[in-house]
Amino acid sequence: MTTMQDNRPATLLKGGQIVDGAGVPGWTGDVLLVGERIASVALPGQTPPQMLADLRATNGVEEVDCTGMVIAPGFIDVHTHDDAAAIEKPDMLPKLSQGVTTVIVGNCGISLAPVVTDAPLAPLSLLGREQFLHSTMRAYADAVNAARPGVNVAALLGHTALRMRHVAALDRAADEGERAAMAADMQEAMDAGALGLSSGVFYKEAYAADLDELVAVASVAARNGGVYATHIRDELAGILPALQEAALTARQSGLPLVISHHKCAGPDNWGRTRETLPLIEQLARGQEIGMDVYPYTAGSTVLREDLVDGIIDVLITGSETHPEMGGRYLADIAAEWRVSQQEAAVRLKPGNACYFQMREDDVQRVITHPLSMIGSDGLPHDERPHPRLWGAFPRVLASYWREKGLLRLEEAIHKMTGMSAARFRIGERGLLKASYMADVVVFDPLRVKDGATFEQPRQFSEGIERVWVNGALSYTASDRATGARAGRFVMRASSPTASG
Ligand code: ZN
Ligand code: CU
């Protein structure tokens, strides 16, 4: 990998509260960054003196006073749809400004690779329309590296993308030949360093996939040391069998499972994390299971009339047929048009919406659960995105640690860093540790707070002071993006050619 910036000065972060990502309580100390790696993590003033003297004599050492600040590993956003954004909008400010230094793309069965089209259908269109140009994961990885994004990008291969490429009729399971073609693409992706497979059998384009089809593809990921992340078939009434199905798929294929954005959706299901979490715990005794979660009671996805029940609030975040309705509530639009909310949704399609389909006690149970980690699920192409795109990570710190006291600080950060890297097999990141890559955030624990709201979704967070990506200072609270854009495509730890 590139070492072009290795003659820049080293950086000594002095006297901050070090929360190292492993889940242990913080302690006061100094962190030394040299080139693209962490050189030392030490008690105050205990950085090896010879090391400092040598650096001072060569490229110099810049000192940053971190008194009163937390020094943590850069956050890993395990659930994103930034596949195209990383190329089209490479500053990646929505993420960098939260302290995020690595995004995992390709979630929910939706990935750019290996689909080539200029007219992507839903749900692939969640990734925009312009970037379906990559027929292999290798080509996607090259495009990411050429774009020089502001954060690192690690990728899952999407099962729905595979179906759209290879399965002739989406209302049935793949036949043997189609399964083989999908498996071949999975192998190519693993060779190129992908983290594994994602699926979104919730979406109608993948709903017909059966266990044979999923296992045929997932077992290729398994043989190569990958993971399986899934947006399960049903997050409403049928959530328990849907969780069982996800666990069975992972078990039969032989890989670790990540349940995407775990939630109990719809008023009839509110409170049912009291059932789902014990089931997940029981399953996790026999296989590796994790889950991701975002800190809001609203979800967001494509506009679908079957998700409109007339009870929950639905906020239209974009409509191709009626763009002027973006930012308005479906109930108000329906009243104006004198039609049912479902009929209004049909007229507004294709589009995207936020569904206020969860209850806070469920969100709290999932966020505080020891198996959960934080993923934004932000949608960067929406006209008026769900605020999770710009605010998820600071919101966990502000609301669930500092204000509500539901998490310890080291726990909250572990769910954003060390646990995330371990679950997704990302090497040399997620911890503050000598020799690890220098992805680092310095934030003010008293001020850190999300700024994005449903009304004003594109707002910077407060209190994120400085962010380094691969050793390059990439964001500061005063100047925002520094223009360093030091991110790269990150391969899974076990991949044949993984480095950095
Ligand atoms: Zn999803
Ligand atoms: Cu998603």
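What spacing do the donors of the zinc ion (ligand 1) follow along the chain? They follow C-x122-H-x29-H.

## Basis

This is a predicted model, in which local features need pLDDT of at least 70 and side-chain atom pairs count only at pLDDT 80 or more, while totals for chains, interfaces and linings use all residues. Residues are numbered from 1 along each chain as its sequence is written, chains are lettered from A and ligands numbered from 1 in the order written, and side-chain values use heavy atoms, without hydrogens or water.

## Zinc site

Cys108 (SG), His231 (ND1) and His261 (NE2) coordinate the zinc ion (ligand 1) at 2.1 to 2.3 Å. Donors here are N, O and S atoms within 2.8 Å of the metal (3.2 Å for Na, K and Ca); water is not among the atoms, so sites may look incomplete.

Cys108 sits in the loop between β7 (100-105) and α4 (137-147), and His261 in the loop between β11 (257-259) and α10 (273-284), 153 residues apart. Helices (H or I, at least four residues) and strands (E, at least two) are DSSP runs, numbered from the N terminus. Cys108 counts as buried because its relative accessibility is 2%. His261 is buried too, at 2%. Buried means under 20% relative accessible area, exposed over 50%, and partly exposed in between (1.4 Å probe, protein chains only).

## Copper site

The copper ion (ligand 2) is held by His79 (NE2), His81 (NE2), Cys108 (SG) and Asp377 (OD), at 2.1 to 2.4 Å. The donor spacing is H-x1-H-x26-C-x268-D. Cys108 bridges the copper ion (ligand 2) and the zinc ion (ligand 1), which lie 3.1 Å apart.

His81 lies in the loop between β6 (75-77) and α2 (85-88); Asp377 lies in the loop between β16 (372-374) and α14 (388-403), 296 residues away. His81 counts as buried at 1% relative accessibility, and Asp377 does at 5%.

## Buried helix

In helix α5 (residues 159-166), the buried residues are His159, Thr160, Ala161, Leu162 and Arg163. Their cover includes β8 (152-158), α6 (176-191) and α8 (211-223).

## Cavities

The count is 4 cavities of 30 Å³ or more. A cavity is a set of points, on a 1 Å grid over the protein atoms alone, where a 1.4 Å probe fits but cannot get out; lining residues have an atom within 4 Å of a point.

Methods. Contact means heavy atoms within 4.5 Å. On a 1 Å grid over the protein atoms alone, a cavity is a set of points where a 1.4 Å probe fits but cannot get out, and a pocket is an open set with protein on both sides within 12 Å along at least five of seven lines; lining residues have an atom within 4 Å of a point. Grid points are joined across faces, edges and corners, and a volume is the space filled by probe spheres set on the points.
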